[in-house]
Amino acid sequence: MAGDLLDSQGRGEAQWGLPAIHPEGRKFGIAALGISLLFAMFAWETLAWPMAFLSLGIFAFFRDPERVVPQDTDAIVSPADGRIVQITEVNPPRELVVDDGHGLPCLSDEPTIRVSIFMSVFDVHINRTPIAGMVQRLVYVPGQFLKAELDKASDENERQHILVERSDGVCVGFTQIAGLVARRIVPFVKPGDTLGVGQRVGLIRFGSRVDVYLPKGTSSRVMLGQRVVAGETVLAEIGSQRLLEGVSH
């Protein structure tokens with residue numbers, strides 16, 4: 001009835017439920033659980049219980065909850081769950097701005113605001129697109145596995161750059177960065193795919209970081225140390241900043 005609180009899919013009354021486990025993680029969790037049961041069969045309880053808890057931890061790591069995406073078309077949402085560890089002005093990565101032979105990308109090579117989000121092993125590791133649009137570029141770069149909170153991790157660690165362009169030409173680039181424990185970045189999308197804001201684009205296994213490069217003319221709406229939620233927390237707004245620029249002129 002009117003006024004009832006609905007869930008994120010508009011169905012029935014809102015209520016808590018166990019989040020789904022992403023298929024990428026089910027095989028690891030089931031394998032750990034199987035080993036635990038094998039140890040239990042041979043009465044090796046000192047090994048069975050740790051493996052059982054490990055399987056629960058793996059299932060929790062690969063949880064894939066639904067998210068309620070803001071309806072503001074100019075909102076740039078967080079691509080990751082985690083903590084804001086850096087807000088700084090830098091030049092975007094070369095892979096996001098260099099001409100690849102198909103015309104210059106829409107992301108400028110001028111300094112822009114980079115918002116860095118650190119994901120611990122306790123955070124959801126499914127990453128989502130900050131804006132709706134087409135995937136113009138997806139570039140994987142092999143590298144090291146330094147601690148993800150370090151500034152040089154943006155340039156030296158294993159990483160994957162993604163560039164998404166809106167229908168009006170506005171672009172947002174973001175980078176999935178493997179961390180000290182993370183060993184693989186798994187993409188769900190490819191160049192040419194059309195995405196809705198907050199749609200899943202990939203995951204990073206076991207602790208990592210995501211850098212977001214805000215379009216020129218936008219400013220961050222988050223603070224250092226703030227906890228953010230992928231697909232829900234607004235990092236910046238494009239429209240409001242454009243309006244302010246228009247008034248100033």
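Helix 5 (residues 238–248) has the lowest mean pLDDT among the protein's elements, 45, while strand 14 (residues 227–228) has the highest, 96. pLDDT is the predictor's confidence in each residue, from 0 to 100, and helices (H or I, at least four residues) and strands (E, at least two) are DSSP runs numbered from the N terminus. This is a predicted model, so local features need pLDDT of at least 70 and side-chain atom pairs count only at 80 or more, while totals for chains, interfaces and linings use all residues. Residues are numbered from 1 along each chain as its sequence is written, and side-chain values use heavy atoms, leaving out hydrogens and water.

**Confidence**
- Across the protein, the mean pLDDT is 80, and 76% of residues reach 70 or more.
- Residues 240–249 stay under 50, and the model has seven contacts for them beyond four places in sequence (contact means heavy atoms within 4.5 Å).

**Ser208**
- UniProt, in an unreviewed entry, lists Ser208 for "modified residue: Pyruvic acid (Ser)"; positions follow the numbering used here, feature names are shortened, and annotations may be inferred rather than shown by experiment.
- You'll find Ser208 in strand 13 (residues 208–213).
- Ser208 is buried, at 0% relative accessible area (buried is under 20%, exposed over 50%, partly exposed in between, with a 1.4 Å probe and protein chains only).

**Pro215**
- Pro215 sits in the loop between strand 13 and strand 14 and is buried, at 9%.
- Leaving aside neighbours within four places in sequence, Pro215 touches Ile76, Thr112, Val170, Cys171 and Val172.
- Pro215 and Arg114 are 101 residues apart in sequence but 9.6 Å apart in space, C-alpha to C-alpha.
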